[in-house]
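Please walk through this fold with the model open beside the text.

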Amino acid sequence: MHDIEDIIKAGNFTGGAITRGVDDKDRCILPREYRDEAEKWGKELNLFPIEKRDPDSEMRDYYLKLHTPESYKMLMQTLFPKGIKTQMAKDRHRDVMEMRQVVTFDTAWRFSIREDLLEVLGKPEKVVLIGVGDGVELWSPEVYERLQLKKAETRKSSVKAISFDVFDEDDLM
């Protein structure tokens, strides 16, 4: 497991959800809020598809994540804690590397998203970008909205009333 210092070193992308269009060349523009941080990493990030499983159902959602080189290194250490020694680990590593897309930005901060990775999101015309510390997540707007509604419902159902008894000073002595 990585400590908080490792995670902080891996990137500092922060910001709310920002929706951007995907053009006819499968490109998206990195929001201004994330450009300074991307520039620190040499304007080259690693894009991976990530699966998010809902613990309450069989539903699986997918998003893409732009990793900094440092967070990519941490991801590889997490996926392969014992290194890549066995044939099974080598096969899995090859699969992971085939999914990876190295992303570079042009002067307008556009980046291309490989077609198979866009298909993971359902080939949306827009994506929601969210800064999450060590990278930027890309979600289809429909999935993002559904998950936000579910979070809001969960928060509402988990809020409990707190009862405060009022004490007279004499009661406390």
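The model is a predicted one. Begin at strand β9, residues 135-139. Is this strand mostly covered or mostly open? It is mostly covered, with 5 of its 5 residues buried. In a regular strand, side chains alternate between the two faces of the sheet. Here both faces are covered. G135, E137 and W139 lie on one side, V136 and L138 on the other, and all are buried.

Now look at the neighbours of β9. Strand β5, residues 60-67, is joined to β9 by 4 bridges, and the two run antiparallel. Within this pairing, K65 stands opposite E137. Strand β8, residues 126-133, is also joined to β9 by 4 bridges, again antiparallel. There L129 has L138 as its bridge partner. β8 and β9 form a hairpin, with 1 residue between them.

The loop between β8 and β9 holds D134. The side chain of D134 meets that of K65 in a salt bridge, at 2.7 Å from N to O. D134 is in that loop and K65 is in strand β5, so the pair ties together parts 69 residues apart in sequence. Are the two partners buried or exposed? Both D134 and K65 are buried.

Turn to the other charged pairs. Side chains of opposite charge can pair when their charged atoms come close. The structure holds 10 salt bridges. One of them joins K123 and D26, at 3.9 Å from N to O. This pair links distant parts of the chain, 97 residues apart. K123 sits in the loop between α5 (115-120) and β8, while D26 sits in the loop between β2 (18-21) and β3 (27-29). The two ends differ in cover. K123 counts as partly exposed because its relative accessibility is 38%. D26, with a relative accessible area of 18%, is buried. Elsewhere, E51, R53 and R60 are linked in a network of salt bridges.

Helix α2, residues 32-40, shows a local pairing. E37 forms a salt bridge with K40, and their closest N and O atoms are 3.1 Å apart. Both residues lie in the helix, 3 residues apart, about one turn. An α-helix has 3.6 residues a turn, so residues three or four places apart point the same way. Which end of the pair is buried, and which exposed? E37 counts as buried, at 9% relative accessibility. K40 is exposed, with a relative accessible area of 62%.

Just after α2, G42 takes a positive phi of about 80°.

Helix α4, residues 87-99, holds D91. The side chain of D91 makes a polar contact with the side chain of R94, at 3.1 Å. D91 counts as partly exposed, since its relative accessibility is 27%.

Next, the interior. In soluble globular proteins, nonpolar side chains tend to be buried together. The largest nonpolar core here has 23 residues. Which of them have the most contacts inside it? They are L66, F111, I113 and L138. The elements that give two or more residues to this core are α2, β4 (44-53), β5, α5, β8 and β9. Leaving aside residues up to four places away in sequence, L66 touches a set that includes L30, L45, L47, V103 and F111. L66 also touches D134, G135, V136 and L138. Apart from this core lies another, of 7 residues, among them V128, I130, V143 and L147.

Finish with the rings. The count comes to 4 aromatic pairs. F48 and Y72 form a stacked pair, 5.7 Å centre to centre with 15° between the planes. F48 is in strand β4 and Y72 in helix α3 (residues 69-79), so distant parts of the chain, 24 residues apart, are linked. Both F48 and Y72 are buried. The rings of F105 and F111 have centres 5.5 Å apart and planes at 70°, so this pair is edge-to-face. F105 and F111 are buried too. Together with W109, they form one aromatic cluster.

Notes: Residues numbered from 1 in each chain as written. Heavy atoms only, no water. Buried < 20%, exposed > 50% of the residue type's maximum accessible area, 1.4 Å probe, protein only. Pairing = 2+ DSSP bridges. Salt bridge = Lys/Arg side-chain N within 4 Å of Asp/Glu carboxyl O. Core = buried A, V, L, I, M, F, W, Y, C linked by side-chain atoms within 4.5 Å. Contact = heavy atoms within 4.5 Å. Polar contact = N/O pair within 3.5 Å; in protein donor to acceptor, adjacent residues only side chain to side chain. Phe/Tyr/Trp six-rings, centres within 6.5 Å; stacked < 30°, edge-to-face > 60°.
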